[in-house]
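I opened a new notebook page for this structure. My plan is to look at the ligand, then at the chains around it.

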Amino acid sequence: MSEPKSGAAKGVIGQRLPLVDARKKTTGEAVYTDDIRLPNTLVGKILRSPHAHARIKGIDTSRALALPGVAAVVTGAENRANFGVLPISKDETALAVDKVIFVGDQVAAVAAEDEEIALEALGLIQVDYEVYPAFLQPEDSLKDVADPAHKIHARTVGETNVHKQVDQHFGDVDAALKDARIVRRGHFEFGSVTHAFTEPHCVIARYDTDGKLTLWSATQVPHYVHRALVEVTGLPMHAIRVIKPMVGGAFGGKSDPFPHEMAAALLSMKSGRPVKILFDREEVFLSHHGRHPTKTDIAVALDRDGKISGLDLKVLIDGGAWGSFGVVTTYYNGVLSAGPYDVSNFRYSGKRVYTNKPPCGAMRGHGAVNSRFAFEVLLDEIAEELGEDPCELRLKNFLPEYTTTINEFRITSNGIAEGMLRAMERSGWKEKYRQLPPGRGIGAACGFYISGSALPIHWSKLPQSTVHLKIDMDGGVTVHAGTADIGQGSDTMLAQCVAQVLGLPMSRLRVYTADSDMDPVDLGSYSSRVTFMAGNAARRAAEQIRTELIEAASRLTGYPAEGFVLEDELVVYTPLPRIRMSYMEALTEALADRGALIARGSYQSPPMGGKFKGAAAGLSPTYSFQSYISEVTVDEETGFVKVEKVWAAHDCGRALNPIAVEGQVEGSIHMGLGQLLSEQFRYHDGNVLNPNLLDYKTLSAKEMPEVECILIESGDPEGPFGAKECGEGPLLPILPSVANAIHDAVGVRIRRLPVTPEDILQGIQKNRMERSDVAAKIRVA
Amino acid sequence: MRAPLSQFGVESPSSLEDALARMEASGGRLTPMAGGTDLYVYLNAGSIEPGRWIDIWGLDELRGIAEDKTHYLLGALTTYSQIRKSPVMQQALPLLVEAAATVGAVAIQNRGTLGGNIANGSPAGDSLPSLLVYDAEIDVRSVRGSRSVPFHQFYTGYRASVLAKDELIERIRIPKAAAARAGASRFIKVGTRAAQAISKVVGAFALHRGEDGKIDRCRVALGSVAPVPCRMTQVEDHLTGQTLDGELIASAVELLDEGIKPIDDIRSTARYRRFVSLRVFERFLQESRES
Ligand SMILES: Cc1cc2nc3c(=O)[nH]c(=O)nc-3n(C[C@H](O)[C@H](O)[C@H](O)COP(=O)(O)OP(=O)(O)OC[C@H]3O[C@@H](n4cnc5c(N)ncnc54)[C@H](O)[C@@H]3O)c2cc1C
């Protein structure tokens with residue numbers, strides 16, 4: 001089917017549109033899970049482990065149960081069913097079974113008439129623990145465990161606490177390192193950061209007299225919650241309904257099915273009443289699922305032609321207590337590092353270990369952020385050592401468009417070079433690099449990211465996204481999809497795709513999403529897949545309806561269907577534009593004798609990728625590309641870094657809604673700067689010392705730099721209207737571009753994140769001492 | 001985890017007299033609550049023992065900025081926003097205004113009080129070094145009567161003060177003479193971010209020179225470098241009566257180096273606190289010398 005001829009100029013695609021739920025959110029009308037008040041709802045509260053690692057010798061809940069107002073108590077002894085987001089590592093249970101493996105692990109859950117009673121009941125539960133040695137450092141988890149009972153999970157590599165190991169080698173890295181013109185190595189350490197979304201986790205479970213379980217939850221993936229509930233409750237899938245109300249931010253932190261969701265379901269089934277569990281901020285921190293801390297060893301080789309000839313990566317990944325998405329994380333730390341460059345030899349060895357700390361999981365830029373940082377910083381060092389311009393060095397090494405990478409990723413549209421050139425021009429790079437006054441610096445870095453994972457985590461022949469449309473005689477268009485709008489604007493995107501194809505204004509669209517009884521299955525909001533996959537599904541569904549409307553117009557006018565287009569609520573015969581009718585006239589004809597127009601569109605990734613072990617990891621139908629330049633000021637007396645301005649070039653294929661894309665870029669920059677400059681879990685004996693937003697420092701509005709978004713529209717051949725992702729890739733280059741700018745400003749190289757003013761001052765002082773040593777030597781000589 | 005609210009009680013006194021009577025009657029077991037911006041953090045963290053609070057926020061006797069012949073008078077319930085907006089404060093006590101402007105963010109400034117900052121007694125309290133520089137006196141009151149304590153003698157150790165269990169801070173008095181003779185002054189705050197940050201280092205310096213160019217009054221006050229916010233009297237004495245020159249600056253900085261005992265904690269390192277305190281102080285002296 002051909003595009004509407006006027007598609008590029010007319011319609012809602014490419015316009016700066018407010019999100020469809022913006023008004024409701026800003027007025028407070030929007031309904032989040034905690035806003036839902038069902039009659040007779042009980043308050044659920046969770047008793048959490050005070051120990052990092054301990055055996056549960058016994059739990060006595062009798063006193064809690066005896067407390068007036070307590071309706072139900074559950075413990076792990078009653079439900080030992082395993083679940084987990086990845087079918088290959090289901091190592092979670094609703095409540096701890098036999099042992100606890102981190103401080104904050106769920107031990108028991110109580111449902112009571114009100115919060116006070118529930119809290120009091122928690123205090124009445126007696127748990128008898130035998131404390132085990134805790135594994136808190138990832139290195140300790142590499143070793144064999146003497147007593148098998150002390151292994152964190154039964155299923156690991158040998159007798160260690162290693163959860164997943166990945167080894168890949170393409171080409172001959174040793175030879176590349178040997179023959180290189182220059183090799184740079186580095187050891188990098190990355191702290192533990194979390195999403196810090198606004199809305200704390202919240203769930204309501206209602207098991208009704210019909211034997212049906214309904215769960216409202218702040219989740220990114222209703223479908224995975226649905227699957228996990230089947231495993232934990234034993235109910236058939238069709239007896240469970242999962243609904244995602246409005247979600248106040250997630251960033252990957254709500255993409256697993258969670259134990260508290262399971263606990264709410266069990267409490268409701270036991271009490272026969274609805275149960276709501278709302279976390280406080282400390283509980284949000286303890287359930288975590290944030291970015292995996294890593295220790296990253298890297299070597300980069302450049303050959304005599306100035307081409308990147310070798311990348312050697314070795315990463316130790318601290319997974320915390322559960323598997324979560326960790327197998328994917330282990331792959332992503334390697335496979336998403338080489339691109340956006342054409343690297344001719346690549347080796348990766350990654351190990352993810354369990355530790356007795358809050359579990360890590362997926363977080364914006366999943367798996368790619370830390371390796372990207374190390375690689376981009378070393379490229380800067382190589383350029384410095386060779387006296388070359390780091391942007392020019394990158395330009396010489398970018399992957400071209402329409403190619404295949406050494407690890408057999410299929411690359412299609414690619415606007416990275418254009419982005420680099422535009423960022424250089426807009427920032428005045430050539431006049432600034434190495435020429436700014438002391439304390440002021442400029443730095444560059446690049447990135448790329450998947451636009452949806454080409455292979456779903458559950459093997460299935462079902463499409464990855466399906467969208468249903470319905471138009472009845474009122475002329476409104478109802479969109480049904482399983483997609484989860486978590487604030488990123490996917491409902492708006494669906495409405496735009498449909499409105500564009502049908503030539504309608506946004507006001508005719510109504511979008512209903514993320515209700516498993518009403519909407520077709522979608523694999524949810526993660527891996528930056530929704531615009532590409534669900535957007536395509538929406539477009540395809542709309543195209544069928546467009547055909548029906550055009551056929552109706554053709555019947556009414558007697559002109560051939562091929563010449564008609566839909567635009568501005570009109571159906572127009574383009575060869576003779578005066579032959580036209582309103583959208584409503586065509587619709588009325590299309591509905592005659594049949595009733596509502598119904599259509600279904602779906603998306604499934606085309607086959608791609610290599611045949612080797614792990615070849616599927618990181619495959620995507622297309623990739624986004626970024627080129628950033630950042631300018632900073634560093635206060636040499638306090639070590640404070642102020643990021644002055646960022647020129648952020650991002651190839652999103654096509655900006656379906658530029659303000660939504662810019663919002664994603666700016667939000668990514670804010671989040672990335674937090675990881676670089678100030679965010680970090682602090683631990684003492686497995687206890688999180690700063691589980692609150694005063695002591696865990698996300699950056700405030702005052703630190704936010706000016707951002708100039710440079711949107712590169714490379715036009716992806718398979719993306720909806722040419723679009724690809726913009727939610728995660730834009731985070732990657734901000735950290736290394738600022739780190740490289742800090743070096744340009746004060747000569748300090750960064751090896752450990754977050755980099756604090758303390759570290760920067762120490763770096764400056766060390767440089768001064770070395771310089772005065774050199775000066776002294778020169779004087780002596 | 002949050003403490004269950006049912007284990008807390010709140011009393012609402014009708015007047016200052018009533019409040020003091022209730023505090024006495026309770027045997028000193030009532031915790032005063034002013035803006036609640038410290039207490040609620042403790043409550044939420046579960047780090048506070050269940051008990052009874054007395055809400056003094058409604059006691060207008062403790063509110064407002066005034067002056068008499070000799071002193072500026074700030075009621076204990078004076079908020080940071082009130083300090084920032086007061087033309088008298090802006091003109092007379094610029095260090096305090098600057099400090100107030102760096103506390104938390106606007107919502108906290110609207111609710112947090114000077115009395116609360118003093119009674120809470122964190123060595124990182126942002127208003128405290130400025131109060132030291134201005135020779136503040138703290139008026140405290142109980143049913144037993146009123147007394148006035150020079151602020152530099154108020155604290156007796158880490159988060160410990162001379163305030164008795166049945167006493168309230170009534171007002172803060174700042175001698176006009178001290179304010180008038182503050183001279184060149186500098187407030188510093190270094191936190192982890194530009195807003196909503198507890199200080200790694202906080203300090204206030206003031207230096208006044210007589211006709212002859214010699215320093216005749218000098219105050220050096222720092223927070224976060226000792227268990228209590230404190231004045232560095234050896235440094236002050238060393239500078240007083242002298243003329244600023246390179247040698248004097250170097251020796252003053254050296255004395256400050258000896259006088260402070262910063263610690264490592266979750267917010268920063270001892271080494272960093274020391275370095276920044278010394279550098280900022282040195283820069284202040286150098287700039288004063290040049291002006
Ligand atoms: C988000 C946030 C940011 C913050 N940022 C800063 C900051 O940047 N700098 C800073 O210094 N502080 C900061 N604070 C701490 C707090 O806001 C200040 O210490 C504030 O001045 C406390 O005043 P309050 O009236 O709210 O005290 P409350 O919480 O009401 O009381 C604090 C303590 O003082 C006692 N008390 C209060 N009034 C009296 C009185 N009249 N007599 C006797 N005892 C009394 C109370 O019993 C309690 O022990 C921050 C707090 C929050 C929550």
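**Ligand site**

I started with the ligand: one of its nitrogen atoms is 2.9 Å from a polar backbone atom of Ile169(B). I count a polar contact as a pair of N or O atoms within 3.5 Å; within protein, one must be able to donate a hydrogen and the other to accept it, and residues adjacent in sequence count only if both atoms are side-chain atoms. Taken alone, the ligand exposes 980 Å², and the protein buries 92% of that. Those areas are Shrake-Rupley values with a 1.4 Å probe.

I noted that this is a predicted model: local features need pLDDT of at least 70, side-chain atom pairs count only at pLDDT 80 or more, and totals for chains, interfaces and linings use all residues. Residues are numbered from 1 along each chain as its sequence is written, chains are lettered from A and ligands numbered from 1 in the order written, and side-chain values use heavy atoms, without hydrogens and water.

Next I looked up side-chain partners. An oxygen atom of the ligand is 2.6 Å from an N or O atom in the side chain of Asp38(B). For the side chain of Thr113(B), the distance from a ligand oxygen to an N or O atom is 2.6 Å.

Where does the ligand lie? I found it between chains A and B.

**Chain A against chain B**

I turned to the interface. Here 25 residues of chain A are in contact (heavy atoms within 4.5 Å) with 25 residues of chain B. The buried area, meaning the accessible area (1.4 Å probe) lost by both parts together, is about 2,500 Å². Carbon and sulfur atoms give 54% of this area. Glu637(A), Lys697(A) and Glu758(A) supply 24% of what chain A buries against chain B, more than any other three residues.

How many salt bridges join chain A and chain B? I get two, each a side-chain nitrogen of Lys or Arg within 4 Å of a carboxyl oxygen of Asp or Glu. Lys200(B) forms a salt bridge with Glu758(A), with the closest N and O atoms 2.9 Å apart.

Technical notes. A residue is near a molecule or strand if one of its heavy atoms lies within 4 Å of it. Buried area is the accessible area (1.4 Å probe) that two parts lose on being put together, summed over both.
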